[in-house]
Structures are given as C-alpha cells and as structure tokens.
Amino acid sequence: PKASGGDLTPEDLLVGAEVEIFGRVFRVVDADAHTREVMAARGLELAAPEEVPLDPYSAKRQAEKAHVLRTQRYFRPRAHDDDLARHAAAKHGAAAAQLEPDALRRFLENDRKVLRFFL
C-alpha cells in the first residue's frame, strides 16, 4: 500500500522513482527486459538504468575481505565455497551444517538486487 493510501500502480514503479512500502523507501534503479516490454505496452517509457548506490556496509566488507586476502599467505576455501572441498569433507564425514552455504553471504550477495512486484 502507498503511504498516502491506496495501492501501488505501474506509474509508481518507474525507473528513478522512490517507493515507500511499509515505512521503508526503495529507489527503482532498473527493470528487466520483460518489465520494460510490459510497461511499454501500457504506454509507459522507463528511463535508462541508474547506478546502484554503494552502501557503506558492503564497501567496508569488501575492503576487509581484500585486506585479508592480501595479507594471508595461504587461503584455504571453506567447504561450502568449493565443490571439491565440499565433496572431500562430506566423504570424510563432515556434518551437513558445515557444508551448507553461508546464509549471510547469500543475503549480502542479493541485497539491493531483487525487489519483485506482480502486477
């Protein structure tokens, strides 16, 4: 629902628009090809894609990771980052929880990339 009342419309979801949903503000920075086709069929032209802003947390994490990789002489991938290491760990009886991908890493990789609406 809109902050001012009513439902969101396709006109509210144009590239460059800021949309408030349940008190959180989202900026629409791009649309996929299908969404652009649907909007064009409705007579709405979407602007060119905008650059996704870099958030401070992700920038700090990237800098920390780069520092660790620069200063480590030997980097051994965790089992869930490497298929061969995961296979070897499973073969030697590692717990399934140790083999699952890191949920936080997966969340951070997709953060600010996916916001889906069904019209």
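In this predicted model, Arg27 is partly exposed, with a relative accessible area of 42%. The side chain of Arg27 takes part in a salt bridge with Glu50, in which the closest N and O atoms lie 2.9 Å apart. This pair links distant parts of the chain, as Arg27 belongs to strand β2 (residues 24-27), whereas Glu50 is in the loop between α1 (33-41) and α2 (56-71), 23 residues apart. Glu50 is partly exposed, at 29% relative accessibility.

Arg27 also forms a salt bridge with Glu18, with a distance of 3.5 Å between the closest N and O atoms. Glu18 counts as exposed, its relative accessibility being 55%.

In total, the structure holds 4 salt bridges. One of these joins the side chains of Glu64 and Lys60, at 3.9 Å from N to O. Because Glu64 and Lys60 are 4 residues apart in helix α2, about one helical turn separates them. Glu64 is partly exposed at 37% relative accessibility, while Lys60 counts as exposed at 52%.

The nonpolar residues were examined next. In soluble globular proteins, nonpolar side chains tend to be buried together. The largest nonpolar core of the model comprises 9 residues, namely Leu13, Val15, Val19, Ile21, Val28, Ala31, Met39, Leu44 and Leu46. Within this core, Ala31 is in contact with Val15 and Leu46, and also with Arg36, when its neighbours within four places in sequence are left aside.

How values were computed
Residues are numbered from 1 along each chain as its sequence is written. This is a predicted model: local features need pLDDT of at least 70, side-chain atom pairs count only at pLDDT 80 or more; totals for chains, interfaces and linings use all residues. Side-chain values use heavy atoms; hydrogens and water are left out. A nonpolar core is a set of buried Ala, Val, Leu, Ile, Met, Phe, Trp, Tyr and Cys residues joined through side-chain atoms within 4.5 Å. Buried means under 20% relative accessible area, exposed over 50%, partly exposed in between (1.4 Å probe, protein chains only). Contact means heavy atoms within 4.5 Å. Helices (H or I, at least four residues) and strands (E, at least two) are DSSP runs, numbered from the N terminus.
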